[in-house]
Amino acid sequence: MVKVQRSTVIDAPVAEVWAILRDFNGHDRWHPAVARSRVDGGLRSEQVGAVRNFSLTGGEHLREQLLTLSDKERHLRYAIVESEIPLHNYVAEVKLKPVTDGDRTFWSWSSRFETPPGQEDELAELVAKDVYEAGFEAIRQRLGRGERASATARPAQRQTPVASSAPAASGGALPGIAMTIARHGGPEEFRRTEISAAPPGPGQVRLRQSAVGVNFIDVYCRSGYFDLLTPPGPPGMEAAGTVVDVGPGVTHLRPGQRAAYACPPVGAYASVRTLDAALVIPLPEGIDLETAAAGLLKGISAEFLLHRVHKLQAGETALIYAPAGGVGRILCQWAKHLGARVIGATSSEEKARIARAAGAQHVILPGPKSLEEQVMELTEGRGADVIYDAVGRDSFAHSLGALAPCGHLISFGQASGDIGSWDIGSLAERSVTLSRPNYGHYTDTPEKIAAITERLFDALARRIVTVEIDQRYPLTEAAAAHRALEARETTGSTILIPDSPQGETA
């Protein structure tokens, strides 16, 4: 039996490190040895019993099963169940503990396994160096704490992107890049543009952004369908990063703090940004920057759709379009938690699997029977009490036909186009309540944002909802992200990752 153990200290709070490591399917997003990864069987990535099916950059294929996971103890165990590398009866453990003299984390990674005779030293070295120590350094780099130190070295002080930024220290403009459009049009209009973020004025904050959220409203801004972006300039309403500095009068943010926003004005497709601070919020300890960028706008939308536009009640039947998408997946999870009967409507069996894993008891797919016929069969002729319709033109008539008497149709998106003109008299057939909520009306003051995000962050902390990041692109590949989104090829959330500035480890 071979035993391998390595430990290190990471210069970041334990909750921040744990938020990354507890995602059992997340290694391909940070470990340099992992090329592709997915969870078999539709289980959540942190669910005990989940099997991570992945390939290494060298081409080897492995499958590992999550055996235990404790958020309280910040501890997980997993085992290899299939491997092209001769690691037999492999069981590994990850343990995190806070360091008592600062916001730092002690991380232990250990395993025991059997190997063919004569390969013990070779494979022990491979696990120790290429897996554990490479993983330690990769997490440092992901968190912007890449000291390039030895695995057991203690960092001299906490490093942040702010501390390594000479422009920020001098108070001058902070250079960066943005993906801008010179005119409205298709994804081909995106251009990489050199920019600079000016020092913040009164009431402003300057951010170095680590992740940018991609949402369908960005497509509308790019195309000119929504009059929110006057070219030239970048689209984007959502991002997360580190506070570089704040202007006079800003008291809720401080340099070095992690923060995020999901609000106008557009302009988030950038590596650095200066903007009004009122709607920028500090992030709780347990939410990492990528999760914030991927889930803040979608989670805020789900919160006011379920708790304000229509206060969903236990026992109600809710029909949710695009249940495998970013907002739809959160709606399914939260609606199920609230005690609703959840029906999803999607386009493929793959997306149906995701919807079921998110909490949809039934999923409707295209077929010989219309959507409304399938809903009526599932509800014994009554229909859905509330319908969350993000599709628009192609779905609106079907949604009206699928409602229960006195049902509530919430048309909150138009991925297929504008719904057009409708005779209000036609709504009387079922005494329909129709809502067309505007995101900005629910998020235009710090008080509104605080109330919504308090409930959202609580739901995330309690694992009522999770944010699944299924697509990541470099910021410079924003056009590819938009093409995939418009082709309805995406599931969950999509984010853009800005390149680190030259000479920094961010």
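Helix α5 passes helix α6 in a right-handed crossing. The model is predicted: local features need pLDDT of at least 70, side-chain atom pairs count only at pLDDT 80 or more, and totals for chains, interfaces and linings use all residues. Residues are numbered from 1 along each chain as its sequence is written, and side-chain values use heavy atoms, with hydrogens and water left out.

Two packed helices are described by the angle between their axes and the distance between the axes. Axes are lines fitted to C-alpha atoms, for helices over the stretch in contact, with angles from 0 to 180 degrees between N-to-C directions. Helices (H or I, at least four residues) and strands (E, at least two) are DSSP runs, numbered from the N terminus.

α5 covers residues 289–309 and α6 covers residues 326–337. Their axes come within 9 Å and cross at roughly 45°. α5 and α6 are therefore oblique to each other. The classes run as follows: under 35 degrees is roughly parallel, over 145 roughly antiparallel, 65 to 115 roughly perpendicular, and the rest oblique. On the α5 side, K298, G299, A302, E303, L305, L306 and H307 make the contacts. They meet G326, V327, I330, L331, W334 and A335 in α6. Contact means heavy atoms within 4.5 Å.

α5 also packs on helix α11, residues 446–461. These axes come within 9 Å and cross at roughly 100°. That makes α5 and α11 roughly perpendicular to each other. From α5, the residues G295, L296, G299, I300, E303, F304, H307 and R308 take part. Their partners in α11 are I449, A451, I452, T453, R455, L456 and F457.

## Helix α11

Buried residues of α11 are I449, I452, T453, L456, F457, A459 and L460. Buried means under 20% relative accessible area, exposed over 50%, and partly exposed in between, with a 1.4 Å probe and protein chains only. The cover over these α11 residues includes β14 (281–282), α5, α6 and α10 (439–442). Just after α11, R463 has a positive phi of about 65°.

## Helix α2

α2 spans residues 120–142, 23 residues in total. α2 has a kink of about 30°, centred on A134. The bend at a residue is the angle between axes fitted to the seven residues ending there and the seven starting there. Among the buried residues of α2 are L123, A124, V127, A128 and Y132. G135, F136, E137, A138, I139, R140 and Q141 are buried too. Their cover includes β1 (2–10), α1 (14–21), β6 (88–99) and β7 (104–114). G144 follows α2, with a positive phi near 75°.

## Two buried residues

A268 sits in the loop between β12 (258–262) and β13 (272–276). Its relative accessibility is 0%, so A268 counts as buried. Beyond residues up to four places away in sequence, A268 touches Q209, V212, P235, G236, M237, E238, A239, Y261 and R273. S426 is 158 residues from A268 along the chain, and their C-alpha atoms are separated by 41 Å.

S399 belongs to helix α9, residues 396–402. S399 also counts as buried, at 0% relative accessibility. Leaving aside neighbours within four places in sequence, its contacts are Y321, I387, D389 and L409.

## Backbone in the loops

| Peptide bond | Omega | Loop |
|---|---|---|
| P231 to P232 | about 0° | P232: between α4 (216–223) and β11 (238–246) |
| P264 to P265 | near 5° | P265: between β12 and β13 |

Two non-glycine residues take positive phi. A322 has a phi of about 50° although it is not a glycine. A322 lies in the loop between β15 (317–321) and α6. Is A322 buried or partly exposed? Its relative accessible area is 34%, so A322 is partly exposed.

R488 has a positive phi of about 55° and is not a glycine. R488 lies in the loop between α12 (478–486) and β22 (493–497). At 45% relative accessibility, R488 counts as partly exposed.

Conventions. Expected span 1.5 Å × (residues − 1). Left-handed = near helix turned anticlockwise from the far one by under 90°.
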